[in-house]
Amino acid sequence: MNYFEVEFIINPMSDDASDLLAALAGDAGFETFEEAENGLKGYVQQSLFDEDALRSCIADFPIEGTNIIYNVREAEDRDWNEQWEQEGFEPIIIPPIAIHDGRHLPECESEISIEIDAKLAFGTGTHETTRMICKELISTVPELEEGRVLDCGTGTGILSIAALKLGASEAVGYDIDEWSVDNARHNAVINRVDDRFTSLLGDASVIDTIEGDFDLVLANINRNILLADMPRFVSKMHSGSKLILSGFYTADSPLLIQKAADLGLTFVSQNQDQDWACLVFKY
């Protein structure tokens, strides 16, 4: 897929201004950010970029005296995980799960080993949002037993693989990125759960083509996409199904909690890691 790289110059620069800009830019379709010397670099799919919304959030920026200018250019079409693929990552331990790259192995043997070979896909377990959802999966082991899981925005397939190794009978994942769909299938094979995992290419509309309901729905996606797609998530849930959401800041939680309530979901819990949030709902 094609992305724009947007360089934001913030004057005066501060962590508060940077964090607030990242949160507000979600309304313009931005998915991810990285720190820059005088501000931020943001990345947004070209087809989802709403420049009017971006101008509006900058014009109404709530920190008085802050000046923000930005420059838009096409993001380089390259392997965004190139450095990771070369260097790998240290094992991530979320008892009883150990996530590793197959090269850097855990010092102690874990009950559940997950090997992730990431190729142009999000989800190695290093990000706060992935770790929080893994922790939620571990806490729902009894409910996962023989359960059916829908993994929205599957990325590397890590959440589906974790759910399957924790006892789920089947997982169906989808992603808008063809690289991710193929990578998720690959990771399912190396973790020997490919016979119970299906990886589909498409956005949330692909949910309409899947037969049957799910006991657990997972979505680690940005706030705006979650708000738009939650009705489709709910359409595949039954009484007692759980929905676990992450991929957004704690400041966004009230919007998602209200949306869930409007859809007939009951709020169960909220967890936080740094500025990132994870919400759990029940139908």
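Guide: This is a predicted model, and we can begin with helix 8 and helix 9, which are roughly parallel to each other because angles under 35 degrees count as such.

Visitor: How is a pair of packed helices described, and what is the angle between helix 8 and helix 9?

Guide: Two packed helices are described by the angle between their axes and by the distance between those axes. Here helix 8, residues 223–235, packs against helix 9, residues 253–262, at an angle of about 5 degrees, and their axes lie 10 Å apart. On the helix 8 side, Arg-223, Leu-226, Leu-227, Met-230 and Pro-231 meet Leu-255, Leu-256, Lys-259 and Ala-260 of helix 9. By class, this contact has seven nonpolar and two charged residues, with no polar ones.

Visitor: Which residues touch the most other members of the largest nonpolar core?

Guide: That core has 33 residues, and those touching the most other members are Ile-97, Ile-99, Ile-114, Leu-137, Leu-144, Val-149 and Leu-218. Helix 6 gives the largest share of this core, six residues. Leu-137, leaving aside residues up to four places away in sequence, touches several residues, including Leu-144, Leu-159, Ala-162 and Leu-218.

Visitor: How many disulfides does the structure hold, and is Cys-134 buried or exposed?

Guide: A disulfide is a covalent bond between the sulfur atoms of two cysteines. The structure holds zero disulfides. Cys-134 has 1% relative accessibility and therefore counts as buried, and Cys-57, at 10%, also counts as buried, the cut-off being under 20%.

Conventions: Residues are numbered from 1 along each chain as its sequence is written. This is a predicted model: local features need pLDDT of at least 70, side-chain atom pairs count only at pLDDT 80 or more; totals for chains, interfaces and linings use all residues. Side-chain values use heavy atoms; hydrogens and water are left out. Axes are lines fitted to C-alpha atoms, for helices over the stretch in contact, and angles run from 0 to 180 degrees between N-to-C directions. Helices (H or I, at least four residues) and strands (E, at least two) are DSSP runs, numbered from the N terminus. Angles under 35 degrees count as roughly parallel, over 145 as roughly antiparallel, 65 to 115 as roughly perpendicular and the rest as oblique. Contact means heavy atoms within 4.5 Å. Ala, Val, Leu, Ile, Met, Phe, Trp, Tyr, Cys and Pro count as nonpolar, Asp, Glu, Lys and Arg as charged, and the others, Gly among them, as polar. A nonpolar core is a set of buried Ala, Val, Leu, Ile, Met, Phe, Trp, Tyr and Cys residues joined through side-chain atoms within 4.5 Å. Buried means under 20% relative accessible area, exposed over 50%, partly exposed in between (1.4 Å probe, protein chains only). A disulfide is a pair of cysteine sulfur atoms within 2.5 Å.
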